[in-house]
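Let's walk through a protein model together, one question at a time. Please keep the sequence and the structure open as you read.

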Amino acid sequence: MELDEKSRQTAILLSTGFVSLFSGFLLGVYAIRGYLISPALADERRRYHKDPVESEESDIDEDDTILDHAPNWANGEEADKRDGLRSGESKKSKESEDAGSSKPSAAVSMGNPNEECKLVLVVRTDLGMTKGKIAAQCSHATLACYKTLARKAERNPNSNEARLLRRWESRGQKKIAVQIKSQDDMMDLMGIARSLGITAEVIADAGRTQIEAGSLTVLGVGPAPQSLVDKVTGHLKLL
């Protein structure tokens with residue numbers, strides 16, 4: 001009789017342990033699959049997983065591990081154009097600049113010395129770029145504009161460009177991303193910006209990942225006084 005009592009206790013302990021283990025396993029599976037979270041969180045999770053992951057189409061070239069169309073800091077503007085960092089200007093414009101054209105480009109206005117400066121990144125939405133791709137292209141445009149303004153500041157530390165660059169750097173380096181739907185409209189904005197003396201650089205993609213080679217992806221406008229930049233991009237919607 002005593003042996004039977006011990007056997008029953010052992011059987012109860014074993015069965016209880018088995019049920020606990022099996023229940024815990026099922027709860028873990030349900031939690032992993034998202035069955036135990038709220039409907040709102042489940043919808044957010046589904047949207048996240050449907051969003052393309054930029055890392056699957058890496059901007060890194062496996063042959064030389066150099067970022068596509070990354071800025072060439074050593075060789076300057078010509079290397080940038082060769083590598084697709086920015087769109088090249090026409091030969092005629094370059095010759096006029098070298099010869100000292102009788103129609104100089106507009107000088108950028110300093111505006112109110114207390115006014116905030118900003119850089120606006122105009123992104124083409126008609127190309128269907130993923131979020132990661134857009135981020136990379138905006139980074140290239142930011143660097144291109146900064147390098148252009150920095151070169152002018154280096155040539156003349158007392159110029160308006162040098163003072164604007166220092167003002168932008170010391171006050172938070174404000175950057176705004178807006179959207180545009182065509183290449184022609186983007187190039188029109190670049191012409192308007194340069195006519196006002198604002199730094200404006202457009203990025204040409206190398207075409208190694210998501211979009212066709214030579215596609216113009218992002219236009220950087222500035223850094224320049226906010227009121228001046230708004231004359232060029234103030235009508236565009238935020239990205």
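The questions below go from the overall fold to single residues.

This is a predicted model, where local features need pLDDT of at least 70, side-chain atom pairs count only at pLDDT 80 or more, and totals for chains, interfaces and linings use all residues. Residues are numbered from 1 along each chain as its sequence is written, and side-chain values use heavy atoms, with hydrogens and water left out.

Q: Which elements do the buried residues of α6 pack against?
A: Buried means under 20% relative accessible area, exposed over 50%, and partly exposed in between (1.4 Å probe, protein chains only). Helix α6 spans residues 160–170, and its buried residues include L164, L165 and W168. Counting a contact as heavy atoms within 4.5 Å, the buried residues of this helix pack against β1 (117–124), α5, β2 (174–180) and β4 (216–225).

Q: Is C145 buried or exposed?
A: The cut-off for buried is under 20% relative accessible area. C145 has a relative accessible area of 0%. Therefore C145 counts as buried.

Q: How many disulfides does a search of the whole structure find?
A: A disulfide needs a pair of cysteine sulfur atoms within 2.5 Å. C138, at 11% relative accessibility, is a buried residue. For disulfides, the search of the whole structure comes back with zero.

Q: Which backbone oxygen does the side chain of S139 reach?
A: S139 sits in helix α5 (residues 131–155) and is partly exposed, with a relative accessible area of 40%. Its C-alpha atom is separated by 9.3 Å from that of L121, 18 residues apart along the chain. At 2.9 Å, the side chain of S139 reaches the backbone oxygen of A135.

Q: Why does F22 count as partly exposed?
A: F22 lies in helix α1 (residues 2–33). F22 counts as partly exposed because its relative accessibility is 47%.

How values were computed:
Helix = DSSP H or I, 4+ residues; strand = E, 2+ residues; numbered from the N terminus. Polar contact = N/O pair within 3.5 Å; in protein donor to acceptor, adjacent residues only side chain to side chain.
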